Amino acid sequence: MRGPLSPHDSIPSITVSPRGAERLKSGHLWVYRSDIAKAGDIPPGSLVGVRDRRGRTLGSALYSSASQIAIRLLTSRAIAEDELVVLVRQRIDDAVGFRQHNVRDSDSYRVIFSEADLLPGLIVDKYNDVLAMQVLTQAFDREPTRQAVAQKMHEHYPGASLLDRIDPHIRELEQLPQRESQLVLGGKASTLFTLNGVRFHFDGLGGQKTGAFLDQRENYAAAARYAHGEALDCFTYHGGFALHLARVCSGVTAVDSSRPALEVAEQNEQLNRDAHTCDDIDWIEANVFDLLKDYSSAGRQYDTIVLDPPAFAKTKRTVETALRGYKELNLRALKMLRPGGILVTCSCSFHVEQAAFSAMLTDAAADAGRRLRVLESRGAAVDHPVLAGVPETGYLKCILSQMIA
Ligand code: SAH
């Protein structure tokens with residue numbers, strides 16, 4: 001005899017292996033395909049009930065038929081299909097409320113950060129009056145969830161445009177049909193936005209797409225608290241650090257290998273010129289590794305150096321090589337720092353953990369024969385929170401230190 005229908009009876013069910021169950025119990029939201037013990041023929045992007053081998057409910061999750069991450073847990077409750085959109089709407093309200101309460105001095109921030117907001121597979125960034133959404137999974141690509149996101153964004157940010165930003169690579173991995181980036185709400189895809197009082201251009205659809213590393217927002221402000229004298233911003237992109245340093249330093253040089261990025265950076269400089277304490281920023285198109293080598297052999301010295309390279313370790317296997325790259329970079333920078341100088345060093349490689357990154361810096365200082373005082377050891381801004389149990393949400397490291405004589 002069967003009892004009354006439980007919510008799970010109306011949705012497909014997945015049985016996870018003991019290792020998968022353990023992972024969920026430890027606080028992670030993902031179960032890999034190799035840890036799925038039993039699954040029927042489940043449509044892509046479905047809401048699924050998750051059970052362990054003994055049939056006990058572990059919660060409800062979003063299923064992908066393509067990704068190695070087969071399910072992403074949504075809730076530890078068993079919910080029915082018609083509760084899904086209600087839950088998504090509630091979670092969006094919570095995510096917006098958290099930012100409105102915690103982000104200051106900026107009109108731009110990450111409104112929804114996927115797992116960290118218990119909305120695994122969805123990212124929304126706010127650039128002043130333009131919102132940019134990224135759908136990362138089959139489940140969030142479904143029409144009812146897309147509509148819920150658009151309605152909620154309209155409700156919380158009336159008058160703002162909403163842009164669907166497509167990453168063709170992600171759609172391919174998720175086996176989703178290709179589509180173009182496009183406006184979903186409103187008519188504006190480009191705007192000016194402000195972080196800590198510094199103004200930037202955003203263009204979400206133009207030939208030369210722009211954006212920002214919003215996760216560095218609070219680190220820009222922290223860098224500006226200690227920066228002084230002559231500054232060098234390595235891997236500047238659109239000038240995030242450089243433009244903050246230009247408000248407190250006597251000279252700023254900024255380097256990137258991308259000409260298009262530097263063109264936007266120069267346009268950003270024009271928006272902020274009035275507040276600068278230095279002359280024009282010197283934007284240099286070069287490979288940072290080569291430039292540091294040349295500058296250090298020429299005996300150049302700086303009072304403030306920022307290192308914010310792209311992720312060196314894309315996989316676990318490349319961590320050692322990445323750490324050697326970070327060390328070379330930091331060693332060169334430290335040798336060019338004047339006594340009392342400030343080093344701001346970052347890593348956005350998830351696989352390079354905080355402890356390893358700190359140890360790398362200590363090593364580099366020892367090799368350079370310099371003593372460092374660590375001023376702040378930071379992560380991403382508060383609008384990119386870290387979900388305990390999901391280490392992937394905590395990828396950014398930023399150490400601010402001072403060279404002492
Ligand atoms: N600091 C920036 C973000 C940097 S993103 C900010 O706060 O907005 C990394 C940047 O490094 C990209 O702009 C990329 O063009 C640049 N880059 C990658 N490899 C490089 C290299 N070897 N030399 C110089 N720039 C490089």
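**Terms set against values**

Tutor: Let us begin with a contact: a polar atom in the side chain of S46 lies 2.6 Å from the backbone oxygen of P43. This is a predicted model, in which local features need pLDDT of at least 70, side-chain atom pairs count only at pLDDT 80 or more, and totals for chains, interfaces and linings use all residues. Residues are numbered from 1 along each chain as its sequence is written, and side-chain values use heavy atoms, with hydrogens and water left out.

Student: What makes a pair of atoms a polar contact?

Tutor: The pair must be N or O atoms within 3.5 Å; within protein, one must be able to donate a hydrogen and the other to accept it, and residues adjacent in sequence count only if both atoms are side-chain atoms. The 2.6 Å between P43 and S46 is therefore within the 3.5 Å limit.

Student: Where is S46 found, and why is S46 called buried?

Tutor: S46 is in the loop between strand 3 (36–39) and strand 4 (47–51); helices (H or I, at least four residues) and strands (E, at least two) are DSSP runs, numbered from the N terminus. Its relative accessible area is 9%. Buried means under 20%, exposed over 50% and partly exposed in between, with a 1.4 Å probe and protein chains only, so S46 is buried.

Student: Why is R99 called buried, and which side chain does R99 contact?

Tutor: R99, in helix 2 (residues 81–102), has a relative accessible area of 1%, so R99 counts as buried. Its side chain is joined to that of D117 by a polar contact of 2.7 Å.

Student: How do you know whether V96 is buried or exposed?

Tutor: V96 is also found in helix 2. Its relative accessibility is 0%, and therefore V96 is buried. The C-alpha atoms of V96 and Y157 are separated by 9.7 Å, although the residues are 61 apart along the chain.

Student: What makes P391 partly exposed, and why is A388 called exposed?

Tutor: P391 lies in the loop between strand 19 (371–378) and strand 20 (397–404), and A388 lies in the loop between strand 19 and strand 20. P391 has 44% relative accessibility, so P391 is partly exposed. A388 has 68%, so A388 is exposed. From C-alpha to C-alpha, P391 and H351 are 9.6 Å apart in space and 40 residues apart in sequence.

Student: What is noted about the phi of N128, and why is N128 called partly exposed?

Tutor: N128 is not a glycine, yet its phi is positive, at about 50 degrees. N128 is in the loop between strand 8 (122–127) and strand 9 (130–135). Its relative accessibility is 26%, so N128 counts as partly exposed.

Student: Which residues are closest to the ligand?

Tutor: The closest are Y220, F235, D256, V288 and D308, and 14 residues surround the ligand; a residue is near a molecule if one of its heavy atoms lies within 4 Å of it. F235 has a positive phi near 65 degrees. F235 has a relative accessible area of 17%, so F235 is buried.

Student: Which atoms of Y220, S257 and N287 lie by the ligand?

Tutor: A polar side-chain atom of Y220 is 2.6 Å from a ligand oxygen atom. A backbone N or O atom of S257 is 3.0 Å from a ligand nitrogen atom, and a polar side-chain atom of N287 is 3.3 Å from a nitrogen atom of the ligand. Taken alone, the ligand exposes 590 Å², of which the protein buries 84%; these areas come from the Shrake-Rupley method with a 1.4 Å probe.

Student: How many cavities are counted, and what makes a space a cavity?

Tutor: The count is one cavity of 30 Å³ or more. On a 1 Å grid over the protein atoms alone, a cavity is a set of points where a 1.4 Å probe fits but cannot get out, and lining residues have an atom within 4 Å of a point. The largest cavity has a volume of about 50 Å³, a volume being the space filled by probe spheres set on the points. Its lining is L62, Y63, S64, I69, A70, R72, T137 and A139. Strand 6 gives the largest share of that lining, three residues.

Notes. 1 Å grid on protein atoms, 1.4 Å probe; cavity = no way out; pocket = protein on both sides within 12 Å on 5 of 7 lines; lining within 4 Å.
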